[in-house]
Amino acid sequence: MDPFTERTPRVVSAVKLLRGAERRKTGRFLAEGENSVTEALTTAAVHEVFFTEAAGDRFRGLLEVAAAAGIRTSLVTDRAMAALSDTVTPPGVVAVCDLLDVPLSRAVTPETRLLAVPVSIAEPGNAGTVVRVADAVGADAAILAGDSVDPHNGKCVRASAGSLFHLPIVRERDTDAVLDTLTAAGIRILATAADGEVSLDDADELLAQPTAWLFGNEAHGLDPAVAARADHRVRIPIRGRAESLNLATAASICLYASARVQHRGS
């Protein structure tokens, strides 16, 4: 097979998916690396897998799975792979997939027990980590509310370590619409706050109920108007000398606390 050059039309089209505007236009994104591509082949609509000669040997089984499913697998040059990647050292395999986000109505149902709701989250690495934690604790969905980062951003996809493909992901710019939907569904809304009136240590009774955790922007936290919509503001006790916790760490602690209570005895 002759390797494609970076000028091949399909490679050029795929490279454009590194831009958010092109992802929105085409309804597709790039999943890069063994974990992401493997999970994409298992759960998502994949249109093509690009790979380098070295990756073809390393990921032979993955490529055989793709080919068996009737998905085009295309050998490309290292230069073309560098263009397809937004990492310093490309892993050598990239899949073109359909966007994964779903309507809010699919995430909020009568069966919903636990939701992660980052609001106006800006850092794609944090967004991917929250998705990964939500997946790990068995949350029902992750809802990116407000002016949040695109979960299909390459850094976010990598940070999720495949979890982006495991649970419903919602993007809803209207934060009030998210909060209204949660309230109408009878889901208790909890917001993290350093001065919250409830300590996480004493919140087991609250956490046993269907719950949505609001996590604020990395730099500014939750908008006061959004925080005011929460049923309770919960503080994470800090017993050491750390001044505060970053978003991803706080989300991990709160989501795990909810899962611990909700799955107690199971």
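Helices (H or I, at least four residues) and strands (E, at least two) are DSSP runs, numbered from the N terminus.

**Figure 1. Overview of the chain in a predicted model.** The secondary structure of the chain amounts to 13 helices and eleven strands. With a radius of gyration of 20 Å, close to the 18 Å that the globule rule gives for 266 residues, the chain is as compact as a globular protein of that length; the radius is taken over C-alpha atoms, and the rule is 2.2 Å times the number of residues to the power 0.38. The C-alpha trace spans about 65 × 35 × 35 Å along its principal axes. Residues are numbered from 1 along each chain as its sequence is written, and side-chain values use heavy atoms, with hydrogens and water left out. Because the model is predicted, local features need pLDDT of at least 70 and side-chain atom pairs count only at pLDDT 80 or more, whereas totals for chains, interfaces and linings use all residues.

Figure 2. Strand β5 (residues 114-118) runs parallel to strand β6 (residues 141-145), and two bridges join them. Ala116 stands opposite Ala142 in β6.

**Figure 3. Two aromatic pairs.** Rings of Phe, Tyr and Trp (its six-membered ring) pair if their centres lie within 6.5 Å; planes under 30 degrees apart count as stacked, over 60 as edge-to-face and the rest as tilted. By this rule the count is two. Phe29 and Phe165 are stacked, at 6.2 Å centre to centre and 25 degrees between the planes. This pair links distant parts of the chain: Phe29 lies in strand β1 (residues 28-32) and Phe165 in the loop between α9 (154-159) and β7 (169-172), 136 residues apart. Both Phe29 and Phe165 are buried (under 20% relative accessible area, with exposed over 50% and partly exposed in between; 1.4 Å probe, protein chains only). The rings of Trp213 and Phe215 are stacked because their centres are 6.3 Å apart and their planes at 5 degrees. Trp213 is buried at a relative accessible area of 0%, and Phe215 is buried at 1%.

Conventions
Two strands pair if DSSP finds at least two bridges between them.
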